Amino acid sequence: MSNVILFNLTTVLFGVASAMYLGALYAKNEKLGVMGTWVCVLAAVVSTAALGVRWYESYQMGIGRIPVTNLYESLVFFAWSVNLFYLVVERKYRNRTFGAFVMPIAFFTMVFAVYNDSSIQPLVPALQSYWLHAHVITCFVGYAAFAVSAGVAVMYLLKARQENAKISEGVVGLLPACKMLDDLVYRAIIWGFPFLTAGIITGAAWANYAWGTYWSWDPKETWSLIVWLVYAAFLHARVTRGWHGKRAAILSIVGFLATIMCYLGVNLVLSGLHSYGGG
Amino acid sequence: MADEKRTPSPMDRVWDFFTSVKLAIFTLIVLASTSILGTIIEQNQPLEKYHQIYEDWAFALMDRINLFDMYHSTWFLLILVLFTVNLTCCTIDRFPKMLKVVRNPRTKLDGSLEKSLSLSDRWKKKGTVSEWTGKYAETLSGSFAKPKVTEDEGQVHLYAETGVASRFGVYVTHLSIIIIFIGAIVGNVAGFKGYVNIPEGEAITQVPVRGGTLIQDLGFTLRCNSFSLETYPSGQPKAYKSDLSVLDGGREVVRKTIVVNDPLQYKGIWFYQSSYGQAGGGATAQVAVARKDGTPVSMLSLAANEPVPIDGYGIVRGVNYEQNFQGNGPALQVVVEKPGQPAASFWLVQRRPDLDRQRADSLVFSFRGLSSKMFTGLQVAKDPGVNIVWLGCALMVIGLIMAFFLSHQRVWVRLAQGTDGRVEVVLAGAASRNRLAFEKRFEKLQTGVKATGQ
């Protein structure tokens with residue numbers, strides 16, 4: 001099917017963009033970085049088209065539905081979100097070094113997706129609801145923001161070691177100043193947190209409309225709460241107790257690990273109501 | 001203040017403990033890490049299942065600390081209570097202080113305040129204080145906010161602020177959590193959750209409550225008229241449909257076909273499509289009856305060996321069914337008894353509805369297939385607290401947006417007549433959050449204010 005071809009092309013583009021950003025860092029070649037940005041923009045266009053085509057193809061098959069309902073689709077949607085969120089950050093902060101740390105997340109997500117079943121399956125009755133759209137989109141914007149935050153947190157940890165030793169050399173020397181990285185770790189989370197909150201709320205509203213219980217301590221629900229609690233702890237530590245720098249960066253990475261567990265781990269390891277890992 | 005020096009009383013210490021953010025962070029982390037347990041250990045399973053998985057000693061230990069239903073255990077509830085008490089105390093402790101600051105802002109830029117602000121600038125202008133006060137007030141009104149003017153010991157202070165609401169964001173968010181908890185408690189106390197199976201054509205007036213032996217009276221009757229299952233061409237389920245009627249005061253008041261994600265509600269009680277299955281009592285055979293000329297007479301539903309009378313004709317019984325009758329597919333063996341005649345037995349083949357014409361009887365029978373009686377499984381819920389929960393959820397999102405995307409920005413201008421006859425001007429600013437963005441705004445403001453009157 002043509003959507004899968006477009007998604008495969010997206011995977012290649014994400015790989016090329018990651019390589020260019022990394023290359024730009026190592027070779028200190030700005031042109032390569034600029035090309036990386038254009039490849040990212042192209043990938044955004046191609047992956048958006050792929051989602052549209054997949055949506056259209058599902059209608060042609062007589063089962064028309066938004067393409068965010070199984071593991072394959074959710075992975076490509078996550079990669080799509082990360083790419084877009086990254087482009088916004090790159091534009092806003094006018095710095096391409098983030099790309100070397102964030103785009104590989106999108107690339108490896110797509111590589112993982114390629115190994116999953118990409119066929120368009122009809123929606124089981126439980127998923128036939130308009131809440132699906134609001135729930136998935138809010139959750140994934142949140143996840144993407146947390147991914148960017150964690151990528152930048154890794155950059156921070158690398159950079160902070162050099163700044164402490166008062167040296168600036170090699171690849172790490174080219175990274176933005178610690179102050180900026182530290183700020184971005186936080187800023188990405190304050191974007192992600194309201195979206196995760198909205199994602200949990202829309203999920204609860206949907207659950208209530210589908211089976212009369214807005215919260216049932218299902219593993220997926222519980223893990224989304226765990227993620228929420230970790231970032232809530234991050235925000236309190238940061239705002240009121242002045243946790244900056246290393247401790248904040250580590251907490252951001254812990255938060256993202258919890259996010260991965262919530263998003264993938266629950267479906268692949270545990271059992272629950274969210275269908276996309278079970279199949 | 002004098003009383004800051006006194007040694008804290010035990011009561012103060014307790015208060016300090018419950019109002020500390022350290023406790024909040026600790027509780028958040030404890031809630032997060034203990035919650036993991038319940039996702040690894042499957043909750044609320046039959047005890048035998050746990051016996052199979054765990055060693056006896058581990059089972060005894062886990063059972064003792066309620067790990068098989070940990071989210072409803074006393075210790076988990078206690079953590080939630082601690083969390084709520086902490087949240088409430090923090091609010092009681094800090095909200096009045098915040099309100100005081102917001103109501104009585106420091107409108108005067110005195111020396112100590114100026115020192116504490118990282119963004120400031122100073123310059124001198126020819127002219128009088130009152131002349132420049134007017135000009136700067138106008139500039140601030142245009143590019144920031146209308147300033148408040150205070151005169152004090154020959155100095156004039158301009159104070160302007162935007163985004164005061166951001167100070168309230170955190171309290172709105174915290175309040176929303178308490179509202180959600182209240183909604184949950186109301187739902188638990190005044191509502192119920194149940195589950196019921198209703199066979200097609202049957203009705204219920206009571207529902208067994210989940211997780212107990214209680215029976216809940218509905219106060220009306222719910223009937224399942226029919227259940228149907230639709231599938232995609234691939235055979236995967238597409239829709240589970242239950243045609244339901246609510247009977248109240250002896251008549252039908254509501255009729256609705258519910259599917260998953262589209263429940264029925266009556267008098268605050270919701271019915272959700274949840275499950276289905278084959279009801280007991282076996283299958284029935286559908287047999288169409290028509291006259292010789294083809295006009296339909298009736299549709300018979302024959303249970304195995306149950307005699308069904310046809311007026312002015314006789315008695316019909318379905319006695320045998322074969323999945324593949326002599327290679328012709330599904331067929332039903334029927335026995336017809338007419339008054340004063342010997343019983344006649346013959347087969348009706350589903351694929352050949354006209355076959356019975358060969359019998360040359362006054363009525364023609366054709367077999368339309370077997371249908372088994374289904375039941376629908378419904379989740380039943382009454383939750384008067386749910387709208388309180390949604391109110392809390394809405395407030396939470398609003399509170400988070402206020403807290404994270406608004407910033408309380410304050411700007412001061414101080415004017416004083418200098419010893420050299422010129423006006424000494426000091427500009428300073430502060431933001432409650434997102435200082436990097438405010439720095440840029442302050443720079444613009446700085447340029448704009450400095451350029452005033454030139």
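Modeller: Happy to! Of the 279 residues in chain A, 54% are buried, meaning that 20 or more other C-beta atoms, placed from the backbone, lie within 10 Å of the residue's own. This is a predicted model, where local features need pLDDT of at least 70, side-chain atom pairs count only at pLDDT 80 or more, and totals for chains, interfaces and linings use all residues. Residues are numbered from 1 along each chain as its sequence is written, while chains are lettered from A and ligands numbered from 1 in the order in which they are written.

Chain A has 9 helices and 0 strands; helices (H or I, at least four residues) and strands (E, at least two) are DSSP runs, numbered from the N terminus. The C-alpha trace of chain A spans about 60 × 45 × 30 Å along its principal axes.

Now the close look. Helix α5 (residues 131-164) of chain A packs against helix α9 (residues 245-269) of chain A at an angle of about 145 degrees, and their axes are 8 Å apart. Axes here are lines fitted to C-alpha atoms over the stretch in contact, with angles running from 0 to 180 degrees between N-to-C directions.

Who meets whom? On the α5(A) side, the residues include Tyr143(A), Phe146(A) and Leu157(A), and on the α9(A) side they include Ile253(A), Phe256(A) and Tyr263(A); contact means C-beta atoms, placed from the backbone, within 7 Å. By class, this contact of α5(A) with α9(A) has 13 nonpolar, 5 polar and 1 charged residues. Ala, Val, Leu, Ile, Met, Phe, Trp, Tyr, Cys and Pro count as nonpolar, Asp, Glu, Lys and Arg as charged, and the others, Gly among them, as polar.

Definitions and conventions
Contact = placed C-beta atoms within 7 Å. Buried ≥ 20, exposed ≤ 12 C-beta atoms within 10 Å, placed from the backbone.
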